[in-house]
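Hi,

Here is the structure I promised to pass on.

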Amino acid sequence: MDEGSGCPICFGEFTTSSDHKIVSMKCGHLFGHSCLMSWFGSKKKAMCPICTIQSTKSQLRIIFASKVVALGSEKERELVDKYVTELSHKNSIIRENQELKAQIDCLKLELKQAQSKKEEFNNSQPVLHKQLFKRIRIDFESKNSCMIFDEVHHLLIISCKRNENPTLIKYGSLDFDVFSFKIYDDCTGFIKSLKLSPFGDGLIVFGLDKTLYLVNPYNFCTVFSFDLTEKVTSTSFNKDKRNYLFCGTERGYIYLFDLDDPYTFLNRYSASNVAIHSLHCEGEHISGASVYETFNIYTGLNVEGLICNRTCEAGYICTNMYGYDHKYMFTFRAKDRSVIHYICEEPNDWG
């Protein structure tokens, strides 16, 4: 039995209220009261059962505790170490809380500053929208014009007509007062489907009468051209295949050209019975639209291609299609001139 947990005479547990409550002799050893009274008997003096030091009954002292345990120095050090560890942990948590609170205060301040800047920006937008940066007067016929902007090389390119001849105009975006132009004297039609190369080389492709052109707008040098038997009505690069050019024609055909073999077309697909006004090519897909239908052609097979056609709803015609990164937007116009825009993620989602 542990020291102090029971009587050394009967080895029973101490109590606080019964006859076996704790009693101390003169020497300091503890016993149960009833056991010690039996030990004394009728004598006034008796020796301690443990150390044999004599005590009188008058020297006995009642200890008001249910259990007494004597702690050694090792136990005391253990408790002190435990207390120090817990105190250190508590102080560490307090410091972390203080640091987190400081970070929260900083974030609140940054959020407040950001909200203030956002409010200032929003308040300034109406003013910015009303400001005209530059107005350009084109002294050419602008009917059926196309316009593209090359962000990489800061060029604005516009197609128009001069003296009934199709013309390309080039403006530098830093000085719109200075421009140069190229007149195609041997043609009378309009430049159709002016497109900018997606590869950052600044090249442009367009159709003019029955010819497909690939042109460098810096010096208006023709990099590639191909004469067809029908008018070119739409053009497209393929952002996944640098050497490929596509064009749609007035009879609903799509021609595929490989710039490595400029003397003939690589393939021809029949997509519609009328002119193809919009064309977009990515990977193995050719997507486009005519007035009465939209279509998608998969060119991954060594055949004419898998064609997925969607006829426009009754009362509507398709006036435009735009594609980027496998996303497509179609514009449909009704007889009452109302306009509907339809957006889909993949060609398979059409319909």
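To start with a residue: why does Lys192 count as partly exposed? Because its relative accessible area is 34%, and partly exposed is the class between buried (under 20%) and exposed (over 50%), using a 1.4 Å probe and protein chains only.

Before the rest, some housekeeping. This is a predicted model, so local features need pLDDT of at least 70 and side-chain atom pairs count only at pLDDT 80 or more, while totals for chains, interfaces and linings use all residues. Residues are numbered from 1 along each chain as its sequence is written, and side-chain values use heavy atoms, leaving out hydrogens and water.

On the whole chain: you'll find two helices and 24 strands (DSSP runs numbered from the N terminus; H or I of at least four residues, E of at least two). Of the 351 residues, 34% are buried.

Back to Lys192, which sits in strand S10, residues 191-196. Together with Lys210, Lys231 and Arg251, Lys192 forms a positive surface patch. Charges are placed at NZ of Lys and CZ of Arg.

Strand S10 also holds Lys195, which is partly exposed because its relative accessible area is 27%. Beyond its neighbours within four places in sequence, Lys195 has contacts (heavy atoms within 4.5 Å) that include Ile148, Val205, Phe237 and Leu279.

Cheers

Definitions and conventions. Patches are made of residues with over 30% relative accessible area and no salt bridge: like charges are joined within 9 Å, nonpolar side chains (Val, Leu, Ile, Met, Phe, Trp, Tyr) within 5 Å. Accessible areas come from the Shrake-Rupley method with a 1.4 Å probe; for residues, only the protein chains shown count as cover. A salt bridge is a side-chain nitrogen of Lys or Arg within 4 Å of a carboxyl oxygen of Asp or Glu. Lys and Arg count as positive and Asp and Glu as negative; His and the chain ends are not counted.
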